[in-house]
Amino acid sequence: LTSLDFSGLTNIGGLGIQIDLNPNLTTIVFPPTFSGDLNVANNASLAIVDISNLTDLNYVSFRGSALTTVLLPNITLSTGQIRIANSTNVTTINFTSVPLVINSNDVTLELRDNSFGTPQVDSFLADIDTTSNGTSTGRTLYIIPGNSTPSGGLTNANYLSLLTKGWTIPL
């Protein structure tokens, strides 16, 4: 199995999609509408996941794949979570193009265990800080464990700015 095409499915709601342990999977085409949870894990050949067209997600998880690029949707998450973990090849996450995600209340962004170096962590913090309006509440960003700390650690300017905007960021 190298490709999954859900584009012909409509009115999928209240469900979860889990795509796991498909070593030859290179392409996923998601349905035009989907509401629920999405879990994509341990797909050794899947490099790019584009879920930018999905508009009603609560939980999104990408783990342990060959992912290099994750294109998120610009949606309001209600008590939602975006998890990108154990994906050591990720270099691109489009945080600046998803202000509704960044500025939702009660959102968790989890970027643990991706082996991100300090420059990547700094870049992600800067993107999230630039995009964050500072008026939302209950937002948490997990970078540690499994990644480098930002330059300057607890004195990193973007880290400090995000704290003043109400983010919780355990380091």
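Modeller: Here we go, starting with the aromatic rings, then the sheet and the core.
Modeller: This is a predicted model, so local features need pLDDT of at least 70 and side-chain atom pairs count only at pLDDT 80 or more, while totals for chains, interfaces and linings use all residues. Residues are numbered from 1 along each chain as its sequence is written, and side-chain values use heavy atoms, with hydrogens and water left out.

Biologist: Great. How many aromatic pairs does the structure hold?
Modeller: There are 2 aromatic pairs. Rings of Phe, Tyr and Trp (its six-membered ring) pair if their centres lie within 6.5 Å; planes under 30 degrees apart count as stacked, over 60 as edge-to-face and the rest as tilted.

Biologist: Why is the pair of Phe95 and Phe124 edge-to-face?
Modeller: Because their planes stand at 85°, with the ring centres 5.7 Å apart.

Biologist: And which parts does that pair tie together?
Modeller: Phe95 lies in the loop between strand E9 (92-93) and helix H1 (99-102), and Phe124 in helix H2 (residues 118-131), so the pair ties together parts 29 residues apart in sequence. Helices (H or I, at least four residues) and strands (E, at least two) are DSSP runs, numbered from the N terminus.

Biologist: Is Phe95 buried or exposed?
Modeller: Phe95 is buried, at a relative accessible area of 1%, and Phe124 is buried at 6%. Buried means under 20% relative accessible area, exposed over 50%, partly exposed in between (1.4 Å probe, protein chains only).

Biologist: What does Phe116 pair with?
Modeller: With Phe124, also edge-to-face: 5.0 Å centre to centre and 70° between the planes.

Biologist: Switching topic, what order do the strands of the open sheet take?
Modeller: The order is E5-E7-E9, with parallel pairing. Two strands pair if DSSP finds at least two bridges between them. Strand E5 (48-50) and E9 are at the edges with a single partner strand each, so one side of each has no neighbour in the sheet.

Biologist: How many bridges are there between E5 and E7?
Modeller: E5 pairs with strand E7 (residues 69-71) over 3 bridges, and Val49 stands opposite Val70 in E7.

Biologist: Last one: which residues touch the most other members of the largest nonpolar core?
Modeller: Of its 44 residues, those are Ile19, Ile51, Phe62, Phe95, Leu109 and Leu141. Such a core is a set of buried Ala, Val, Leu, Ile, Met, Phe, Trp, Tyr and Cys residues joined through side-chain atoms within 4.5 Å. H2 gives the most to this core, with 4 residues.
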